[in-house]
Amino acid sequence: MACQRKKKHCIEFEGFLFEGSLLLDLCQSLNLFLLVFFSGTMKSFWFFAQFVLVFLVFFPPIASVAVEAFTGAYGINYGRIADNIPSPDKVATLLRAAKIKNVRIYDADHSVLKAFSGTGLELVVGLPNGYLKDMSANEDHAMDWVKENVQAFLPDTHICGIAVGNEVLGGVDYELWAALLGAVKNIYNAIKKLGLTDVVQITTAHSQAVFANSYPPSSCIFKDNIKQQYMKPLLEFFSEIGSPFCLNAYPFLAYMSDPENIDINYALFQKTQGIYDPKTDLHYDNMLDAQIDAAYAALEDAGFKKMEVIITETGWASRGDDSEAAATVNNARTYNYNLRKRLAKKKGTPMRPKFVVKAYIFAIFNEDLKPGPTSERNFGLFKPDGTIAYDIGYRGLVTSSADSLRLSSKDIGAQGWPRLQFLILSISSAALLLFLGND
């Protein structure tokens, strides 16, 4: 599925979204042909009725739906703190080849937005933390930012969401805590004034630093210094506009913090005894599910039981310092392969079985310029040259396939449209035969 939009009718065919304008042009052309060719006869009425019946069988009306920035269950983060990774157009080709449609970036770099134009990839752009104070204080600046970095690239670049800040609450800059909600509201108001609320979803991602505790999952609550003054007002606004709670969750980091008491198999989705939550009488066979349900427990405690949790970052480092023994290629492969299988099941968690787990993997590439321990620079699924870092079922970058993997708005392109065109022509031919047979 592509980005879901309300108040617009669209048809998904072969994995691509065809919006109302394309179908309207098609119908108008067919209607003109029918009126010219069959005008003046009673039989033309019956022919047209038969044609409409056949057309509606193949293309029933599509119900309107609310906007979602994440469709499906699997996405990936495209970090670019590196000087040796492929150009954005090659990255777009790589993602299309891997059939990864949901993508997050941490800014709104125009070279990326241009490269993703016409690819069908669903993109969440980021408003960096450095902009929050200005956006909170000045709604005109928020409007300018949205116009320049979002509206200017729609609809060819499918920007489905704006992540306002990243891991702000629980961080070290308390001024950003105070600015977050104001920035969120001003960005949303800009989206609203521009008529884009049915296209672009507003979110912000949190780290686990917002929680007072998370074990067992049912005991999780937000920290007191965050909950009342900052988190609850933010959640109230997100509840009003239909946004999810976004969480960056890393079993890798949790295991590294307490390797003596955490079974690494539990962190890697391997066979294990797991944990038991006596309050809910629920069993967990992997840590990520437990981390997600801990967030659900905190949301319920704060009064937001119905809010969905989406994982905006998760992954496992393939290399680390001497003190990061768990950061190995084998562990990274195991985690990401098993995570991919887990998400493909499209199932919920023990506490919220009806909410399908959705996660953005961190990340596409190793980022050689990131500061911090060695592990920070080694979360990539792909090497800088576009080949796979380890095998979890993806192909590496194949340059020769670039042209066949693009889909432009002017030329619907290599995949999907020829078969849709053939189908429409077949319907028209069948309708014409019906008429001739009755003549």
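Reader: Trp-316 and Tyr-335, buried or exposed?
Author: Both Trp-316 and Tyr-335 are buried. Buried means under 20% relative accessible area, exposed means over 50%, and partly exposed is in between, with a 1.4 Å probe and protein chains only.

Reader: What sort of model is this, and how are residues numbered?
Author: This is a predicted model, where local features need pLDDT of at least 70 and side-chain atom pairs count only at pLDDT 80 or more, while totals for chains, interfaces and linings use all residues. Residues are numbered from 1 along each chain as its sequence is written, and side-chain values use heavy atoms, with hydrogens and water left out.

Reader: What is the mean pLDDT?
Author: The mean is 83, and 75% of the residues reach 70 or more. pLDDT is the predictor's confidence in each residue, on a scale from 0 to 100.

Reader: Where is pLDDT below 50?
Author: One such stretch is residues 51-65, which has 25 contacts in the model beyond near neighbours in sequence. Another is residues 431-436, with nine contacts counted beyond near neighbours in sequence. A contact means heavy atoms within 4.5 Å. Where pLDDT is low, the predicted coordinates should not be read in detail.

Reader: Back to the rings. How many aromatic pairs are there?
Author: The search of the whole structure gives 18 aromatic pairs. Rings of Phe, Tyr and Trp (its six-membered ring) pair if their centres lie within 6.5 Å; planes under 30 degrees apart count as stacked, over 60 as edge-to-face and the rest as tilted.

Reader: How do Phe-252 and Trp-316 pair?
Author: Their planes are at 65°, so the pair is edge-to-face, with the ring centres 5.2 Å apart. Phe-252 belongs to helix H9 (residues 251-257) and Trp-316 to the loop between strand E13 (309-314) and helix H12 (329-344), so the pair ties together parts that are 64 residues apart in sequence. Helices (H or I, at least four residues) and strands (E, at least two) are DSSP runs, numbered from the N terminus. Both Phe-252 and Trp-316 are buried.

Reader: And Trp-316 with Tyr-335, what geometry?
Author: That pair is tilted, at 5.5 Å centre to centre and 35° between the planes. Tyr-335 is in helix H12 and Trp-316 in the loop between E13 and H12, so this pair ties together parts 19 residues apart in sequence.

Reader: Which residues make up the cluster around them?
Author: Ring pairs link Tyr-250, Phe-252, Phe-269, Trp-316, Tyr-335, Phe-362 and Phe-379 into a cluster.

Reader: Which charges sit over rings?
Author: Arg-340 has its charged end over the ring of Tyr-394, 4.0 Å from the centre. Arg-80 lies over the face of Tyr-78, at 5.7 Å from the ring centre. A charge sits over a ring if NZ of Lys or CZ of Arg is within 6 Å of the ring centre and within 35 degrees of the ring normal.

Reader: What salt bridge does Arg-80 form with Asp-109?
Author: The closest N and O atoms of Arg-80 and Asp-109 are 3.8 Å apart. The pair links distant parts of the chain, 29 residues apart: Arg-80 is in the loop between strand E3 (74-77) and helix H3 (88-98), and Asp-109 in the loop between strand E4 (102-104) and helix H4 (110-115). A salt bridge is a side-chain nitrogen of Lys or Arg within 4 Å of a carboxyl oxygen of Asp or Glu. Arg-80 is partly exposed at 24%, and Asp-109 is partly exposed at 28%.

Reader: How many salt bridges in the whole structure?
Author: The count is eight. Among them is Asp-301 with Lys-227, at 2.6 Å from N to O. Asp-301 is in helix H11 (residues 287-301) and Lys-227 in helix H8 (residues 224-241), 74 residues apart. Asp-301 is partly exposed at 40%, whereas Lys-227 is buried at 14%.

Reader: Which residues join Arg-80 in a network?
Author: Salt bridges that share partners join Arg-80, Asp-107 and Asp-109 into one network.

Reader: Different topic. How many disulfides?
Author: Zero, from a search of the whole structure. A disulfide is a pair of cysteine sulfur atoms within 2.5 Å. Cys-220 is buried at 1% relative accessibility, and Cys-246 is buried at 4%.

Reader: Last one. How many residues of H3 are buried?
Author: Nine of its 11 residues are buried, so H3 is mostly covered. They include Val-91, Leu-94, Leu-95 and Arg-96. Just after H3, Lys-99 takes a positive phi of about 60°.
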